[in-house]
Amino acid sequence: MPGPAAAQKRIALTFDDVPRGAGAFMSVEERGARLIAALDEAGVEQAAFFVNPGSLADPAVAGGETRIAAYVRAGHVIANHSFSHPALTDLSAAEYLANIDRAEEWLKRQPGHRPWFRFPFLNEGRDDKAKRDAVRAGLAQRGLANGYVTADASDWHIEALTLAAKAAGKPIDMDGLRDLYVESHVEAAEFNEALAIETVGHPIAQVMLLHETDIAALYVADLVAALKANGWTIITADAAYADPIAARAADVDVPSAQGTLTEAIAWEKGLPAPRWYERNDTRVLDALFAQRVLKEEAP
């Protein structure tokens, strides 16, 4: 007999744009070590790190190969996020696939490699369906599955706001930053689980989008604790991408392809907007960050 709905809430953690340069609070070496330790402390058996091998030549991410290898030694897996992080709308399908191939040449030689590709910016061609379909066909020919996302809280924007505040010399309330980060991601998971149930009639294995940031290194253990307190089970990326919903990533048809898989399926099914978590509107995050992290009064 299946358990209650709360017991079926499953989510995997994934990190994009690996390796990244330094953030607001620590060196890249310290961040990598702290992220590994935090995931271990939180009991995360396996997260997925989506890699841009082109970043390895950037002096700002010195030691990137070493950090990626450390993630794999800790039990995590790596996958393709393109070589240089282009938007599909800026390249031809052939150019885009060549960029993927260049990344895969490096990745397939590494331990922990998985045959998944995540679109930079979650941009799958927007309204250019011919380009979208050409890239989908190219991925299938290469044996690469879409490393889709189902839950997103725009942590990249929280990071950008933090970096800007630090550069401007503004005081940052670290408790407020932690609470905003954790709360936003738990809410995103809950929103997208409800959307999935409304759309396909049952829970799915959620895939959360995070980035390799100082904020993740500082607070991912708090995030996992909060998810577990809300009835979530943290699953491996392998388990998440084995969910039957993964098949829809290759054929879901919407007027403009960019964003989460849950949003796309809801749009295809005719559910009305909003089909996305509200804090993915960066204006909403801007106001919350100013109020809760910078302690600035609303205008």
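The model is predicted, so local features need pLDDT of at least 70 and side-chain atom pairs count only at pLDDT 80 or more, while totals for chains, interfaces and linings use all residues. Residues are numbered from 1 along each chain as its sequence is written, and side-chain values use heavy atoms, with hydrogens and water left out.

**Exercise 1. Helix 1**

Task: Find what span helix 1 should have at 1.5 Å a residue, and which of its residues are buried.

Solution: 

Step 1. Helices (H or I, at least four residues) and strands (E, at least two) are DSSP runs, numbered from the N terminus. The expected span of a helix is 1.5 Å times one less than its number of residues. Helix 1 (residues 28-41) has 14 residues and should span 20 Å; its end C-alpha atoms are 20 Å apart, which agrees.

Step 2. Next comes burial: buried means under 20% relative accessible area, exposed over 50%, and partly exposed in between (1.4 Å probe, protein chains only). The buried residues of helix 1 are Val28, Arg31, Gly32, Leu35, Ile36, Ala38 and Leu39. Viewed down the helix axis, they fall within an arc of 165° (taken from the directions from the axis to the C-beta atoms), so they line one face of helix 1.

Step 3. The buried residues pack against strand 1 (10-18), strand 2 (48-51), helix 2 (64-73) and helix 7 (214-229). Just after the helix, glycine 43 takes a positive phi of about 75°.

**Exercise 2. The surroundings of asparagine 99**

Task: Decide whether asparagine 99 counts as buried or exposed, and find which residues it touches.

Solution: 

Step 1. Asparagine 99 sits in helix 3 (residues 93-107). Its relative accessibility is 13%, so asparagine 99 counts as buried.

Step 2. Contact means heavy atoms within 4.5 Å. Leaving out residues up to four places away in sequence, asparagine 99 touches Ser82, Phe83, Ser84, His85 and Pro86.

Step 3. Serine 84 also takes part in a polar contact of 2.8 Å, side chain to side chain with asparagine 99. A polar contact is a pair of N or O atoms within 3.5 Å; within protein, one must be able to donate a hydrogen and the other to accept it, and residues adjacent in sequence count only if both atoms are side-chain atoms.

**Exercise 3. Salt bridges**

Task: How many salt bridges does the rule give, and where in the chain are arginine 132 and aspartate 253?

Solution: 

Step 1. A salt bridge is a side-chain nitrogen of Lys or Arg within 4 Å of a carboxyl oxygen of Asp or Glu. By this rule the count is 23.

Step 2. Arginine 132 and aspartate 253 meet in a salt bridge with an N to O distance of 3.0 Å. This pair links distant parts of the chain, 121 residues apart: arginine 132 is in helix 4 (residues 129-142), and aspartate 253 is in the loop between helix 8 (237-240) and strand 10 (257-258).

Step 3. Arginine 132 is buried at 6% relative accessible area, whereas aspartate 253 is partly exposed at 37%.

Step 4. Aspartate 173 and lysine 295 form a salt bridge at 3.7 Å, N to O. They are 122 residues apart, with aspartate 173 in the loop between helix 5 (155-167) and helix 6 (174-200), and lysine 295 in the segment after helix 10 (282-292). Aspartate 173 is partly exposed at 26%, and lysine 295 is exposed at 53%. Salt bridges that share partners also join Lys129, Arg132, Asp133 and Asp253 into one network.

**Exercise 4. Backbone details**

Task: Which residue is joined to proline 19 by a cis peptide bond, and what is phi of leucine 122?

Solution: 

Step 1. Valine 18 is joined to proline 19 by a cis peptide bond, with omega about 0°. Proline 19 is in the loop between strand 1 and helix 1.

Step 2. The bond from alanine 273 to proline 274 is cis too, with omega near 0°.

Step 3. Leucine 122 is not a glycine, and its phi is positive, near 55°. Leucine 122 lies in the loop between strand 4 (113-117) and strand 5 (123-126) and is buried at 11% relative accessibility.

**Exercise 5. An annotated region**

Task: Which residues does the UniProt annotation "domain: NodB homology" cover?

Solution: 

Step 1. The unreviewed UniProt entry gives residues 9-235. UniProt positions are in the numbering used here, feature names are shortened, and annotations may be inferred rather than shown by experiment.

Step 2. Over residues 9-235 the chain is 48% helix and 17% strand, and the end C-alpha atoms are 10 Å apart.
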